[in-house]
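These notebook entries record what I looked up in one protein structure.

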Amino acid sequence: MNKPLIQVSNVSVAFKVKDRIVNAVKNASFNVYQGDIFGIIGSSGAGKSTLVRTLNRLASPTQGQIYVNGTNIASLKGKDLQQFRFDVGMIFQNFNLASSKTVYDNIAFVLKAAGKRGLAVEQRVKELLKLVSLTDKANAYPAELSGGQKQRVGIARALANDAKILLCDEATSALDPQTTTSILDLLKQLNREFKLTIVLITHEIDVIKKICNRVAVMSQGEIVELNNTFDLFASPQQAFTQSFLNIDENTALPSKVKKNAKGKLVRLRYINENATEPVLFQSAKQTNVSFNILHGFIEYFNDQALGNLVVELIGANDDISSLIHLLKSYHVIVEEVK
């Protein structure tokens with residue numbers, strides 16, 4: 001495997017609030033590889049924002065180490081630290097645009113901070129505005145923009161000095177679903193075309209599903225589970241992850257349906273090709289079991305399919321046991337619904 005672009009090793013962050021110590025991040029470790037779209041998900045107060053801010057030195061670890069492209073970022077000072085922050089761009093939930101500056105000047109500001117002047121600034125701003133589809137908004141002020149347009153300016157500004165890494169702190173939380181999709185599509189485009197590495201924190205499960213290839217789940221300052229996105233949703237290992245991702249709630253049955261069921265209720269989770277093949281039909285026919293589909297859907301993670309069904313199995317107990325055994329041989333995850 002390639003060497004990680006970002007290495008986070010046993011990082012903890014504690015700070016004092018009034019008379020008590022808050023342990024915001026506890027012993028977090030993970031790697032991010034070049035070209036990843038790495039998600040960090042968890043509920044409010046889980047420590048996500050604090051953790052992501054350690055990646056560009058906006059927050060300092062109480063203990064542990066962070067290496068970016070082989071460099072211990074705690075050792076950076078002066079111009080080296082400034083250059084590092086140009087290389088690691090960041091966008092925010094509230095956009096953080098200067099309200100008194102035009103779109104053009106918001107982007108030009110960070111270029112000038114890096115020492116660029118004149119034609120170099122003008123050409124780069126034009127390139128960035130074209131990249132984020134805001135060429136016609138160069139002279140507009142933030143108050144004249146929609147939320148999605150403001151975030152596009154934020155992305156252009158974050159990438160102005162050729163950032164190799166983009167940190168996204170709840171970047172779509174203030175946006176409506178349609179605008180969220182357009183921003184996520186832009187991030188995927190940047191990742192694909194420029195090999196931009198993205199670290200994205202969110203509490204929105206759909207954002208993780210749509211864009212991330214790997215994900216860490218945080219709870220109370222700790223990373224409780226880490227996996228590629230498909231496997232995390234297909235088979236979450238930790239109780240917190242199962243609860244947070246609503247694995248069971250997505251196929252929850254009304255109590256009246258459960259009460260009226262005459263057979264055995266099971267939840268089936270299909271992976272990849274099994275999600276689009278008639279595995280249940282063929283297996284039920286082979287074992288002489290009837291079934292009734294009560295709930296279900298198929299989700300696609302890029303080219304990987306994940307199917308979820310809740311079914312009522314009707315037949316002799318031995319036949320139902322044989323059916324369940326057969327389904328498991330096809331790598332179908334079978335759970336009893338209680």
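Which residues line the second largest cavity? I worked from a predicted model, and I found the lining to consist of Cys-168, Glu-170, Ala-171, Thr-172, Leu-184, Leu-187, Leu-200, Ile-201, Thr-202 and Val-207.

**Entry on the cavity.** I noted that the structure holds two cavities of 30 Å³ or more. For the second largest cavity I recorded a volume of about 40 Å³. I then looked up which elements build its lining. Helix H6 (177–194) and strand S8 (197–202) each give at least two residues. Strand S8 supplies the largest share, three residues. By class, I listed seven nonpolar, two polar and one charged residue in this lining.

**Entry on the helices.** Two packed helices are described by the angle between their axes and the distance between the axes. I looked up both values for helix H11 (residues 279–287) and helix H12 (residues 317–329): the angle is about 140° and the axes are 9 Å apart. H11 and H12 are therefore oblique to each other, since the label roughly antiparallel is kept for angles over 145 degrees. I also recorded that H11 passes H12 in a right-handed crossing.

**Entry on the contact.** Which residues of H11 meet H12? On the H11 side I listed Val-279, Leu-280, Ser-283, Ala-284, Gln-286 and Thr-287. On the H12 side I listed Asp-319, Ser-322, Leu-323, Leu-326 and Leu-327. The contact of H11 with H12 comprises six nonpolar, four polar and one charged residues.

Conventions:
Residues are numbered from 1 along each chain as its sequence is written. This is a predicted model: local features need pLDDT of at least 70, side-chain atom pairs count only at pLDDT 80 or more; totals for chains, interfaces and linings use all residues. Side-chain values use heavy atoms; hydrogens and water are left out. On a 1 Å grid over the protein atoms alone, a cavity is a set of points where a 1.4 Å probe fits but cannot get out, and a pocket is an open set with protein on both sides within 12 Å along at least five of seven lines; lining residues have an atom within 4 Å of a point. Grid points are joined across faces, edges and corners, and a volume is the space filled by probe spheres set on the points. Helices (H or I, at least four residues) and strands (E, at least two) are DSSP runs, numbered from the N terminus. Ala, Val, Leu, Ile, Met, Phe, Trp, Tyr, Cys and Pro count as nonpolar, Asp, Glu, Lys and Arg as charged, and the others, Gly among them, as polar. Axes are lines fitted to C-alpha atoms, for helices over the stretch in contact, and angles run from 0 to 180 degrees between N-to-C directions. Angles under 35 degrees count as roughly parallel, over 145 as roughly antiparallel, 65 to 115 as roughly perpendicular and the rest as oblique. A crossing is left-handed if the near helix is turned anticlockwise from the far one by less than a right angle, and right-handed if clockwise. Contact means heavy atoms within 4.5 Å.
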